[in-house]
Amino acid sequence: MIQVDVVDNTGCAFTISREVLLLPRPSFSLQGSTSICPGLSTTMSVLPDFGSEASSWQYLWRDAANNVLSTAGSSFNISMAGSYEVLVTNEVGCADSLSFRINEDADLSIMISGNDFCEGTMTTLSVGTGFDSYSWRDA
């Protein structure tokens with residue numbers, strides 16, 4: 001409850017009060033990869049924090065130039081590198097936003113190094129280091 005006491009120029013005093021509610025902002029995080037391979041995309045999703053009721057939330061996805069990209073829901077598919085923001089408004093009209101950046105991995109230039117070899121002998125082939133996984137097979 002908020003109360004204010006005022007006195008006018010004649011010396012009369014007045015008191016008025018009003019209940020003012022502190023409304024909660026939406027509490028959430030983002031899920032999704034912030035790195036994409038050339039020509040591919042990633043999906044970013046809003047995840048309500050524990051205890052948050054998100055069934056009536058509204059979503060506004062926009063780019064760094066403030067262009068609205070989508071208002072269709074809690075997930076958005078992104079296929080270009082750049083800066084983005086999601087603005088989330090809850091059922092009582094309070095809003096919060098998160099900004100994030102999507103990076104595009106550089107085009108890979110892969111070479112298989114190694115030597116030709118004779119039947120019955122061995123050679124070592126390599127594509128270098130720095131990859132998360134390798135899968136070799138006959139082509």
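The model is predicted, so local features need pLDDT of at least 70 and side-chain atom pairs count only at pLDDT 80 or more, while totals for chains, interfaces and linings use all residues. Residues are numbered from 1 along each chain as its sequence is written, and side-chain values use heavy atoms, with hydrogens and water left out.

Starting with the cysteines, a search of the whole structure turns up zero disulfides (pairs of cysteine sulfur atoms within 2.5 Å). Cysteine 118 is exposed at 56% relative accessible area, whereas cysteine 12 is partly exposed at 38%. Here buried means under 20%, exposed over 50%, and partly exposed in between, with a 1.4 Å probe and protein chains only.

Next comes the surface. Val4, Val6, Phe14 and Ile16 make up a nonpolar patch with about 370 Å² of accessible area together. Such patches take residues with over 30% relative accessible area and no salt bridge, joining nonpolar side chains (Val, Leu, Ile, Met, Phe, Trp, Tyr) within 5 Å and like charges within 9 Å. A salt bridge puts a side-chain nitrogen of Lys or Arg within 4 Å of a carboxyl oxygen of Asp or Glu. Areas come from the Shrake-Rupley method with a 1.4 Å probe, and for residues only the protein chains shown count as cover. β1 (2-7) and β2 (13-18) each bring at least two patch residues; strands are DSSP runs (E, at least two residues), numbered from the N terminus. Valine 4 sits in β1 and is partly exposed, at 40%.

Finally, three strands form an open antiparallel sheet in the order β3-β5-β8, where pairing takes at least two DSSP bridges between two strands. β3 (28-31) and β8 (75-78) are the edge strands, each pairing on one side only. β3 pairs with β5 (residues 42-48) over four bridges, and glutamine 31 stands opposite serine 45 in β5.
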